[in-house]
Amino acid sequence: MKAERLADTLAVMGAGSWGTALAVALSPRFGAIHLWARDPGRAAAISRLRENRRYLPGFLLPALIRVSSDLKIALEGASIVVVAVPSHTLRSVVKTMRPHLAPGVTLVSATKGIEEGTLLRMSEVLAETVPSARIAALSGPTFAKEIAAGEPAAVVIASDNPAVSAHIQHAFCTPSLRLYASQDVIGVEIGAALKNVIAIAAGICRGLGLGSNSAAALITRGLAEITRLALMMDASPRTLSGLAGLGDLVLTTTGELSRNRYVGIQLGQGHTLKDVLASMTMVAEGVATCRAARELGLRHGVDLPITNKMYEVLYEGKDPRRALAELMNRPLTWE
């Protein structure tokens, strides 16, 4: 697919691996791209080296990508703003962005998680913080390095407003990145958030030395509980069997680049959560999401057995082998 370069300016908020990868991948589509890094020193280093050596080494930034830690500069003239910051910082970052946003701006959430306390999805946090903005959520089976490398990938862009979905779909499509539009924001975001919890469980299976049978069962039953919760929240079952549901779940539970799977592997091998997180430079969203997902399940009266056991492992110190045994010994039921 050959698409013309748009005259618009795109702002990408968050210079982690995902934000940087999106800026690189979308550079052929926009007249200018502004990449915002919270830390001034890191922004200066990325700008000088033309490479994000901490989070996405080996990928040179095209000349049209401007890197800054100044919100006013980063958001200047941007008609589309991609928010790619960790879920626990999203609300505070967007609040500071608000005075610099253009009227009628479109905010695209590229963050996968659930806000602790409020239990809001990321697009809901955006809508609550900037009520005048047009909102969309971007999700699907993607690893940052592969997106930056231009390997073929497909994702979903979801918005309650079909015109917004269609606008971003066409603006973001490249020869290597295909977007499917959706109006099911709930299904897309619940699938995106909870798959990280299931990925930790899948990693634990790997860390315990278990094989493919265990992984397949875990992934399948994980999809079942994600779907139960999403449907109770009025999502479409079709979404959970698509890219933002099954596709993202398979990638994150089996891919070697998965941060959440890595956390699970380390826990399965006997390391403490504190030590595992201290060894990582990037955020494993599933750790915080697990706590919020458990609360969502309780709120909606939905049984989330894998999520609940991961909560016990992560926050109550339960031995992973015991958690697995308890899952296997639950009362028998119909599928």
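Searching the whole structure turns up 1 cavity of 30 Å³ or more. This is a predicted model, in which local features need pLDDT of at least 70 and side-chain atom pairs count only at pLDDT 80 or more, while totals for chains, interfaces and linings use all residues. Residues are numbered from 1 along each chain as its sequence is written, and side-chain values use heavy atoms, with hydrogens and water left out. Here is a tour by topic.

**Cavity and pocket**

- On a 1 Å grid over the protein atoms alone, a cavity is a set of points where a 1.4 Å probe fits but cannot get out; a pocket is an open set with protein on both sides within 12 Å along at least five of seven lines; lining residues have an atom within 4 Å of a point.
- Grid points are joined across faces, edges and corners, and a volume is the space filled by probe spheres set on the points.
- The largest cavity holds about 60 Å³ of space.
- Its lining includes Ser-109, Lys-112, Met-122, Ser-139 and Glu-189, and the elements giving two or more residues to that lining are strand E8 (134-139) and H8.
- Helices (H or I, at least four residues) and strands (E, at least two) are DSSP runs, numbered from the N terminus.
- The largest pocket has about 1300 Å³ of space; 46 residues line this pocket, and Ser-17, Trp-18, Arg-259, Met-282 and Val-283 are the closest to its centre.
- H12 gives the largest share of the pocket lining, 5 residues, and the elements supplying at least two residues each include helix H1 (17-26), helix H6 (144-148) and helix H11 (243-254).

**Salt bridges**

- The whole structure has 18 salt bridges (a side-chain nitrogen of Lys or Arg within 4 Å of a carboxyl oxygen of Asp or Glu).
- One of them joins Arg-291 to Glu-116, with the closest N and O atoms 2.6 Å apart; this pair links distant parts of the chain, 175 residues apart, from helix H14 (residues 285-300) to the loop between strand E7 (106-109) and helix H5 (122-129).
- Arg-291 is partly exposed at 33% relative accessible area, and Glu-116 is partly exposed at 37% (buried means under 20%, exposed over 50%, partly exposed in between, with a 1.4 Å probe and protein chains only).
- Lys-309, Glu-312, Lys-318, Arg-322 and Glu-326 are linked in a network of salt bridges.
- Glu-326 is partly exposed at 22% relative accessibility, whereas Arg-322 is exposed at 53%.

**Helix H14**

- The 16 residues of H14 reach 22 Å from first C-alpha to last, close to the expected 22 Å (1.5 Å times one less than the number of residues).
- A kink of about 25 degrees is centred on Arg-291, the bend being the angle between axes fitted to the seven residues ending there and the seven starting there.
- Buried residues of H14 include Val-287, Cys-290, Ala-293 and Leu-296.
- The buried residues of H14 pack against helices including H8 (185-207), H9 (212-232) and H15 (305-315), contact meaning heavy atoms within 4.5 Å.
- Gly-301 follows H14 and has a positive phi, near 65 degrees.
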